[in-house]
Amino acid sequence: MTTKTLLTDYDAVLADLDGVVYAGPHAIPGAIEALSALAGVNVKLAYVTNNASRTPAQVAAHLRELGAPADDDQVVSSAQAGAALLAQKFPEGTKVLVTGSTALAQEVQALGMKVVESALDAPEVVIQGFEPTLGWADLAEASYAINAGALWIATNTDMTIPRERGIAPGNGSLVAVVRSAVAHEPLVAGKPEAPLFHTAANRLGATAALVVGDRLDTDILGGNNAGMATALVLTGVDSGETALRACTAQRPGFIIPTLPDLYQPYPSIVHDGAKITCGDAAATVEVAESGESTVHIAGSPEDVDSWRAACAAWWAFVPESSTETNPVISWHTELP
């Protein structure tokens with residue numbers, strides 16, 4: 001009898017890149033091997049990224065250099081999503097100010113749009129995507145154009161991005177700078193909007209895709225918005241604790257330490273009255289007379305089963321929350 005793994009029920013993996021496959025220029029340990037093994041279990045693969053600083057072909061080339069399986073059309077980027085949103089709203093020949101990378105400009109030009117350099121050129125649209133060399137003058141130019149009436153599209157709003165040396169400001173941080181000068185929100189094309197995930201699944205012909213990402217506010221929220229199964233991998237931005245505190249829309253279906261854990265059986269979450277167990281870990285929720293809620297966890301913060309049990313217990317106690325929650329977390333060798 002074949003052992004059931006986390007992947008058994010899925011025909012495709014839609015994987016994020018930064019914080020999942022690599023951090024900066026280097027692969028995350030075990031990630032390449034896990035991705036390469038998907039074909040052997042008849043699971044298709046696409047990469048869904050909010051990083052709009054490189055073309056899909058450049059991203060695929062980098063993945064191949066790292067040893068990962070990657071054809072150009074397996075990469076679906078927020079730059080493509082941003083350009084597609086632009087094409088839905090404006091005809092060819094529209095003047096567009098690109099506040100972002102050459103790759104983003106190429107996606108816009110490929111649609112027959114006219115890329116301009118300045119707000120003085122009276123662009124009808126500003127499209128903003130991540131580019132690490134952007135400076136104050138670029139953001140100011142975007143602000144001038146938007147305040148003059150240009151529509152504003154952001155490829156994504158990730159506030160941070162994992163780099164080799166740690167966590168750095170992402171496109172969302174740069175978008176926030178422009179927002180402070182224009183006092184309204186952009187249209188957002190990439191994650192956490194659903195179309196990026198549907199595009200990737202459709203390319204693969206997948207009917208049961210699993211979205212794997214390291215960010216609750218983009219990968220997990222986006223996968224949930226698309227009606228797909230979601231797995232938070234703990235190699236990037238978010239953690240078991242941030243998952244526990246997440247609003248309902250950002251809660252993942254699975255929590256795994258690394259990509260190789262896709263090939264392991266996912267442990268059962270057992271409900272025994274108020275007590276939730278997962279492996280050797282257990283959790284309960286207690287409400288004090290003051291109204292303060294405490295999640296009691298028997299286990300270790302380093303053991304992912306502790307967070308799986310704690311999440312299950314807290315989410316059952318607070319099944320619906322439109323905002324981040326903030327219970328007290330109390331650790332024990334055994335439950336009180």
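The model is predicted: local features need pLDDT of at least 70, side-chain atom pairs count only at pLDDT 80 or more, and totals for chains, interfaces and linings use all residues. Residues are numbered from 1 along each chain as its sequence is written, and side-chain values use heavy atoms, without hydrogens and water.

Start with the whole chain. It holds 10 helices and 20 strands (DSSP runs numbered from the N terminus: H or I of at least four residues, E of at least two). The radius of gyration is 21 Å, close to the 20 Å of the globule rule for 336 residues, so the chain is as compact as a globular protein of that length (taken over C-alpha atoms; the rule is 2.2 Å times the number of residues to the power 0.38). Of the 336 residues, 52% are buried, meaning under 20% relative accessible area with a 1.4 Å probe, protein chains only.

Next, select strand 17, residues 275-278.

V270 stands opposite T277. In this hairpin, with 2 residues between the strands, G273 has a positive phi near 65 degrees.

Finish with strand 18, residues 281-287, paired antiparallel with strand 17 over 3 bridges. Here A283 is the bridge partner of I276. The hairpin has 2 residues between its strands, and G279 in the turn has a positive phi of about 60 degrees.

Notes: Buried < 20%, exposed > 50% of the residue type's maximum accessible area, 1.4 Å probe, protein only. Pairing = 2+ DSSP bridges.
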